[in-house]
Amino acid sequence: MAVEQPTAHAGGQSPVHTGEQSRIHNIGYRNYDGPRLGRAYARRSLYSQSLRGAYGLGRSVKSKALPMLLFVVMCVPALIMVAVAVATKAKDLPVDYTRYAIIMQAVIGLYVASQAPQSVSRDLRFKTVPLYFSRPIETADYVRAKYAALASAMFILTAAPLLVLYVGALLAKLDFTDQTKGFAQGLVSVALLSLLFAGIGLVISAVTPRRGFGIAAVIAVLTISYGAVSTVQAIAEAQNSTSAIPWLGLFSPVTLIDGMQTAFLGASSSFPGEAGPSSAQGVVFLIVVLGLIAGCYGLLMRRYRKVGL
C-alpha cells in the first residue's frame, strides 16, 4: 500500500486538502508463498555453477579459451599414443595410466592456478561472500561446494585422457584385465591429485582478492616446491644417499602423489634412481596426502568464517 501526499501550491501557500489530492493506491505487495528449497538446493546450485565456471560455461568466449585449451592439451598426447598403439599393433601402451598425470603436471598446475582464483577471488574482491551467508547457506556449504566443484573440474581434466587411453587400448585389443586394472589405479591416483591440488589452490587463492596474485602464488608454490625437491633428490643420489630420496618426496605435492602411487598402485617411480618409497614409507605418504586435504579444508573454513562476519 502507498499513500500519495499532497504537494504545496506555488508561492508557498498551504495545500488544499481534498479527497482528490490524497489517494491510497493498492500496488499489489504480498508475501511469497511458493516453495522454499533450502540449504541443499543452494549448495547444489553453487556447486553446479562453480563447476560450469571452471570451464567457462555460461560465461564469455574469453573465459572459455584457457580451460578448454588446457583440456585439449591434456587429451591430445593420449590420442597420439592410442593412434600409435593401434597402428603398430603394440602389446602395451607407451605410458602407464598412473604416469600420465605426472608427465602432464605442468598443464595441471596451470589449470589449477588459473581456475582456483576464478572460483573464489571474485567473491572476495566484490565482497559478495556475506551475501551468500545472508541466505540459508552457511560457511560449510560454501566451502564444500567450492572445494567439490574445483576438485571435480580437475578430475574431469585428469581422468579424460585416461579414458582415451583405456578406450584406445581396448580398440588395440590389448589385454582387458590388465588395462582395466591400470585404468582403475589411474583413476584413484588422479582423484587424490585432484583433491590435493584443488585444496592447495583454493587456500592460496582465498588469501587475496586479486586474481593475478592468486595465479602467480599457486604457480610459484607448485613449481618451486617440485623443482626444489627434484634438485635435492638429485644431489642425494649423486652423494649415494639413496635412503633419503623417498623422504624428500614428502615436501612437494607432485612427488607426494608420485610416491603414494608408487607404494600402493604399482606405478614406476620418477624419483632419481627410481628410489620410490616402500610400502611402509607409502603409508606415511598417504597419511600426509590425506592430512593436507583435511588441512586445506580446515583452513578454508577458518578463512570464510572471518570473511562472513
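Visitor: Which helix supplies the largest share of the lining of the largest cavity?

Guide: This is a predicted model, so read what follows as computed from it. Helix 4 supplies that largest share, with three residues.

Visitor: How many cavities of 30 Å³ or more does a search of the whole structure find?

Guide: The search finds one. The volume of this largest cavity is about 30 Å³.

Visitor: Which residues line the largest cavity?

Guide: Look for S50, A54, Q115, Q118, S119, A149 and L150. Two elements give two or more residues to this lining: helix 4, residues 105–125, and helix 6.

Visitor: How does the lining of the largest cavity divide by class?

Guide: Three of the residues are nonpolar and four are polar. None is charged.

Visitor: Now the packing. How are two packed helices described?

Guide: Take helix 4 and helix 6 as the case here. Their axes come within 11 Å and cross at roughly 155°. An angle over 145 degrees counts as roughly antiparallel. Helix 4 and helix 6 are therefore roughly antiparallel to each other.

Visitor: Is the crossing of helix 4 and helix 6 left-handed or right-handed?

Guide: Helix 4 passes helix 6 in a right-handed crossing.

Visitor: Which residues make the contact of helix 4 with helix 6?

Guide: From helix 4 come I108, Y111, V112, Q115, A116, S119, V120 and D123. Helix 6 brings Y142, K146, L150, A153, M154, L157 and T158. By class, that contact has ten nonpolar, three polar and two charged residues.

Visitor: At what angle do helix 6 and helix 7 cross?

Guide: Helix 6 covers residues 139–171, and helix 7 covers 176–205. Their axes come within 8 Å and cross at roughly 155°. Helix 6 and helix 7 are therefore roughly antiparallel to each other. Helix 6 passes helix 7 in a right-handed crossing. The contact of helix 6 with helix 7 has 21 nonpolar residues, six polar and one charged.

Visitor: How do helix 8 and helix 10 lie, and at what angle do their axes cross?

Guide: Find helix 8 at residues 211–238 and helix 10 at residues 253–264. The axes come within 7 Å and cross at roughly 60°. That angle makes helix 8 oblique to helix 10. On the helix 8 side, L222, S225, Y226 and V229 make the contact. On the helix 10 side, P253, V254 and T255 do. Five of the contact residues are nonpolar, two are polar and none is charged.

Visitor: Next, the pockets. What is the volume of the largest pocket?

Guide: About 380 Å³. The pocket is lined by 20 residues. Nearest its centre lie L46, Q49, S50, Y132 and K146.

Visitor: Which helix gives the most to the lining of the largest pocket?

Guide: Helix 1 does, with seven residues. Helix 1 (38–53), helix 4 and helix 5 (129–133) each supply at least two. By class, the lining has six nonpolar, eight polar and six charged residues.

Visitor: How much space lies in the second largest pocket?

Guide: About 200 Å³. Of its 15 lining residues, D92, D96, Y97, D178 and G182 are closest to the centre. Helix 3 (97–103) and helix 7 each supply at least two residues of this lining. Helix 7 gives the most, with four.

Visitor: How does the lining of the second largest pocket divide by class?

Guide: Five residues are nonpolar, five are polar and five are charged.

Methods
Residues are numbered from 1 along each chain as its sequence is written. This is a predicted model: local features need pLDDT of at least 70, side-chain atom pairs count only at pLDDT 80 or more; totals for chains, interfaces and linings use all residues. Side-chain values use heavy atoms; hydrogens and water are left out. Axes are lines fitted to C-alpha atoms, for helices over the stretch in contact, and angles run from 0 to 180 degrees between N-to-C directions. Angles under 35 degrees count as roughly parallel, over 145 as roughly antiparallel, 65 to 115 as roughly perpendicular and the rest as oblique. Contact means heavy atoms within 4.5 Å. Ala, Val, Leu, Ile, Met, Phe, Trp, Tyr, Cys and Pro count as nonpolar, Asp, Glu, Lys and Arg as charged, and the others, Gly among them, as polar. A crossing is left-handed if the near helix is turned anticlockwise from the far one by less than a right angle, and right-handed if clockwise. On a 1 Å grid over the protein atoms alone, a cavity is a set of points where a 1.4 Å probe fits but cannot get out, and a pocket is an open set with protein on both sides within 12 Å along at least five of seven lines; lining residues have an atom within 4 Å of a point. Grid points are joined across faces, edges and corners, and a volume is the space filled by probe spheres set on the points.
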